[in-house]
Amino acid sequence: MRRWLSLLLAVCLGLSLTGCRPQADPEPSPPETASPAPSRAPESVRFSLAYEPAASLHPITGESQVNQDLTGLVYQGLYELDNEFVPQPVLAASGAPGEDGYSWTFTIKSGAVFSDGTPLTAQHAAASLNTARTAALYASRLSSVTGVAAADDATLTVYLSAPNGNLPALLDIPVVLEQEAGNAPLGTGCYQYELAGERLYLQANPHHQGAPALPWSTIPLTAVSNANERIAAFDSGNVTAVTTEFSSAYALGYSSSYETCDYPTTSLLYVGFKTGAGACQSAAVRQAFSKAFDREGLVQLELSGHGDASGLPISPLHKEYDGEAAALLGYDLEGAAALLAQAGYERSEEDQLLYRRNTPLAVTLLVNSDNEFRQAAAGALAQSLQGLGVSVTLNTLPWEDYVKALRLGQFDLYIGEVRLTGDFDPSPLLTGALNYGGYENWELTQALGSWKSAQGEARVQAAKALWARFAQDAPISPLCFKRGSLLVRWGMVSGLQPTRANPFYRMEEWTTTSNR
């Protein structure tokens, strides 16, 4: 059996399908159809998950999203993020920053072992983090990590190029025990990979610390090599749980009866402004435009509720979200009109457009054509601005041309999307590679640095200062954080608690129906 498992996993590790993109890239995402209402009684089927046999099962270097969905069942990290994005210790017993903030030292939880009985050490954790530093899935979030080293079996230190008071939020990275070439690494999670005959399974890990009562001791894995096979497997019941993002360009149209359980993500949909020239170089105009956007309506009408409206580039579920600052940019057409009047714009009685010194307030809104949801959002935002008297030209371009136009600054506003890291660092948008609008503000940059380096409760106060400055300057206009969805065959289980990193989070607390 072990030889067959080695051969199968060798194939899985030898090839890689592009299922995940770097965290800081804006991504096109047309919407999936809305969830159908359950229409029939549950069928007698066995709980089964999908995997891609030609893609790597390695949880750090693999890039198939289908296989990555299994990661939380087989592997654990030093920390995991709950649905309020609070890092909860798992394999880390404790963690503390150094005095200067340029390092963190972590103590490994005692008693944890891999699925073959090998005790977990700090060396395993350090090796996994160093592997992640060059992996496509994790390199962006670990870009400020300059090194990871284990002092002994129980402690390791992470060295940083800049202080990060919330580093644990980035360390929900699987810790693995590498095997001989061709084998998937071992983990410390509830399950392990096993092969019976020619079928791959998840088998309960007898060495898992705490040995919780799992709803299933064995979970069959069904091979799916492409999107059509994945749809067919789910619709037929050969696979009974899948994940999707309803507004993603890569979402699939499942048609069987299923229940939907959403989970928050760090994927931010936002409006970017060209701040170096044109109408949007005025902070008052940017504030006014931000007030013109009905975020809640956008989430309900265009995302069918699968999102969290947000006026700030941090999830409203996060404890460092400042509702008072967000309200300053909240939907308020009268307030938007007043700000534009303060900026010197007056509405013409002849054409009902806004003018200043005989020049109309005219803007170009850029959006990519290969994402129907963003196009619908752009249309709704344009209509709202036009209601204020703004002349809006909607420029819809294919993805490559859209990116080129962003880089050349050929816009006044654009619809963008970014997958932020677990600590919600907005630096890529404000000072980094995604700052297409050329925004610069020393005071906000200082406030951002202070927040990133702050520790413990001091972060809440630093966050208030940052978001107050953000609301005053409105460098971008956040719209919402999208939600992912776990789809499970109707009537099979209850008590689902999916998270961004682990759709099967706390599976031991699920309640199953009989004979399933």
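A polar contact is a pair of N or O atoms within 3.5 Å; within protein, one must be able to donate a hydrogen and the other to accept it, and residues adjacent in sequence count only if both atoms are side-chain atoms. This is a predicted model: local features need pLDDT of at least 70, side-chain atom pairs count only at pLDDT 80 or more, and totals for chains, interfaces and linings use all residues. Residues are numbered from 1 along each chain as its sequence is written, and side-chain values use heavy atoms, with hydrogens and water left out.

**View 1. Helix 7 and its start.**
Helix 7 covers residues 295-302. Helices (H or I, at least four residues) and strands (E, at least two) are DSSP runs, numbered from the N terminus. At the start of helix 7, the backbone nitrogen of G297 has a side-chain oxygen of D294 within 3.1 Å. The buried residues of helix 7 are R295, G297, L298 and V299. Buried means under 20% relative accessible area, exposed over 50%, and partly exposed in between (1.4 Å probe, protein chains only). The cover over these buried residues includes helix 6 (283-291), strand 15 (307-309), helix 10 and strand 22 (476-489). Contact here means heavy atoms within 4.5 Å. S304 follows helix 7 and has a positive phi, near 50°.

**View 2. R374 in helix 10.**
R374 sits in helix 10 (residues 372-388). R374 counts as buried, because its relative accessibility is 0%. Its side chain joins that of N368 through a polar contact of 3.2 Å.

Four strands form an open sheet in the order 5-6-8-7, with antiparallel pairing. Strand 5 (92-97) and strand 7 are the edge strands, each pairing on one side only. From one strand to the next, the twist averages 15°. Two strands pair if DSSP finds at least two bridges between them. Five of the six residues of strand 8 (residues 155-160) are buried, so the rest of the structure largely encloses this strand.

**View 3. Partners of strand 8.**
Strand 6 (residues 103-108) runs antiparallel to strand 8, and five bridges join them. S103 stands opposite Y159 of strand 8. Strand 7 (residues 145-150) also runs antiparallel to strand 8, again with five bridges. V145 has L160 of strand 8 as its bridge partner, and A150 has L156. Four residues lie between strand 7 and strand 8 in their hairpin. Helix 4 (residues 122-132) lies across strand 6, strand 7 and strand 8, at about 160° to strand 7. Axes are lines fitted to C-alpha atoms, for helices over the stretch in contact, and angles run from 0 to 180 degrees between N-to-C directions.

**View 5**
Strand 10 (residues 191-196) has five of its six residues buried, so it is largely enclosed by the rest of the structure. Six bridges pair strand 10 with strand 11 (residues 199-204) in the antiparallel sense. A196 has R199 of strand 11 as its bridge partner. The hairpin has two residues between the strands, and G197 takes a positive phi near 65° there.

**View 4. The nonpolar cores.**
The largest nonpolar core has 63 residues; L49, Y193 and L202 have the most contacts inside it. Helix 4 gives the largest share of this core, five residues. A second, separate core of 41 residues includes F424, L429, L444 and L466. A nonpolar core is a set of buried Ala, Val, Leu, Ile, Met, Phe, Trp, Tyr and Cys residues joined through side-chain atoms within 4.5 Å. In soluble globular proteins, nonpolar side chains tend to be buried together. Neighbours within four places in sequence aside, L49 is in contact with residues including L70, L73, L202, I219, V239 and F504.

**View 5. Y505 in its loop.**
Y505 lies in the loop between strand 23 (493-494) and strand 24 (511-512). Y505 counts as buried, because its relative accessibility is 7%. Y505 and G72 are 433 residues apart in sequence, but 7.1 Å apart in space, C-alpha to C-alpha. Not counting residues up to four places away in sequence, Y505 touches E80, D82, Q497, P498, T499 and W510.

**View 6. The whole protein.**
The protein has 14 helices and 24 strands. Of its 516 residues, 55% are buried. Among contacts between residues at least 6 apart in sequence, 72% join residues at least 24 apart.
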